[in-house]
Amino acid sequence: MSERYDPSTEGAQMSFDGRMSYGDYLGLSTLLDAQHPISDAHDEMLFIIQHQTSELWMRLAIHELGAARATLRGDDMRPAFKMLTRVSRIFEQLNSAWDVLRTMTPSDYTTFRDTLGQSSGFQSHQYRQIEFILGNRNKAMVRPHAHRPDLMKLLDDELARKSLYDVALAALSETFPLPPEVLTRDTALPHAENEAVAEAWARVYRDPAAHWALYELAEKLVDLEDYFRRWRFNHVTTVERVIGFKRGTGGTGGVSYLKRMLDVELFPELWHLRTNL
Ligand code: HEM
């Protein structure tokens, strides 16, 4: 490109006096002023940005999951499908992001790990909100937010709402009626695997053509959980690679805690039916 090329000659806006610019619209001053490394360690900036970008993608995932839950209805699931697909793509994006963080070696991380104090992703209220929306509910996980009444309320409100899976089961129940213990369960608890739900989903999978929308819904949910599981796996593998079996800054056993979380099943009946098809 010629040095003398001036895009304004073909209409590029060059003056933003009193007009909204790109940076204004995106709040870039705030966004780019939110990275404050505490140490002089070179890699701390990577660590901060990796977490912040993850939180931004989580923000979008919550936006999509909340809307999918609100719009999911038995008679037209297509708008919800589109949103659920987007959430899976967000997790795929987050999964790729570990490749950047993995360039940080244990030697690099130890140069600033102590400056983190007790802060840890364990206290990510957005992550917890995503888990609660999906149905992995545990009231104990609200406690780290006791010092922030606004976040406590956000998570408590979530525990009082139906999960995405509850809403999916309500849609399933329109074709294959499900028992009251499934449809009117205590939303503060995690979903308990249920025989009637398993049988209803199995009937969908035995005859996809007759129940195409429910079949597609089931696969969207499995897709989502598949990507989410990969995120958990990538996280624990990265953690082991970087801190081995040290305790977490958040106080858990570290890798042992994260491995335990790999056993979580969000939509158990959808995974288990495959064995018997
Ligand atoms: C070198 C990088 C990282 C290390 C060593 C690490 C370590 C840990 C450890 C040990 C835990 C268990 C809780 C504790 O005791 O602290 C944890 C939890 C968690 N971390 Fe990370 N982490 C890293 C990067 C990330 C990134 C980039 C994110 C993205 C937001 C993240 C999000 C989370 C979340 C959400 C939890 C809670 C998981 C759950 O409760 O199931 N971590 N992390």
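User: Is serine 256 buried or exposed?
Analyst: This is a predicted model, in which local features need pLDDT of at least 70, side-chain atom pairs count only at pLDDT 80 or more, and totals for chains, interfaces and linings use all residues. Residues are numbered from 1 along each chain as its sequence is written. A residue is buried if 20 or more other C-beta atoms, placed from the backbone, lie within 10 Å of its own, exposed if 12 or fewer, and partly exposed in between. Serine 256 has 12 other C-beta atoms within 10 Å, so this residue is exposed.

User: Which helix holds serine 256?
Analyst: Helices are DSSP runs (H or I, at least four residues), numbered from the N terminus. Serine 256 lies in helix H12.

User: Which helix gives the largest share of the shell around the ligand?
Analyst: The ligand is surrounded by 24 residues, a residue being near a molecule if its C-beta atom, placed from the backbone, lies within 6 Å of it. Helix H3 (44-71), helix H11 (212-243) and helix H12 (255-261) each supply at least two residues of this shell. The largest share, five residues, comes from H11.

User: How many residues of the shell around the ligand are polar?
Analyst: Ala, Val, Leu, Ile, Met, Phe, Trp, Tyr, Cys and Pro count as nonpolar, Asp, Glu, Lys and Arg as charged, and the others, Gly among them, as polar. The shell has no charged residues and ten nonpolar ones, and its polar residues number 14.

User: Why do the buried residues of H13 line one face of the helix?
Analyst: In helix H13 (residues 268-276), the buried residues are Glu269, Leu270 and Leu273. Seen down the axis of H13, they line one face because they fall within an arc of 95°, taken over the directions from the helix axis to the C-beta atoms. On the other side of H13, Arg274 and Thr275 are exposed.

User: Which residues does tyrosine 109 touch, not counting residues up to four places away in sequence?
Analyst: Tyrosine 109 lies in helix H5 (residues 106-110) and is partly exposed, with 19 other C-beta atoms within 10 Å. Two residues are in contact if their C-beta atoms, placed from the backbone, lie within 7 Å. Leaving out residues up to four places away in sequence, tyrosine 109 touches Asp43, Met104, Val242 and Ile243.
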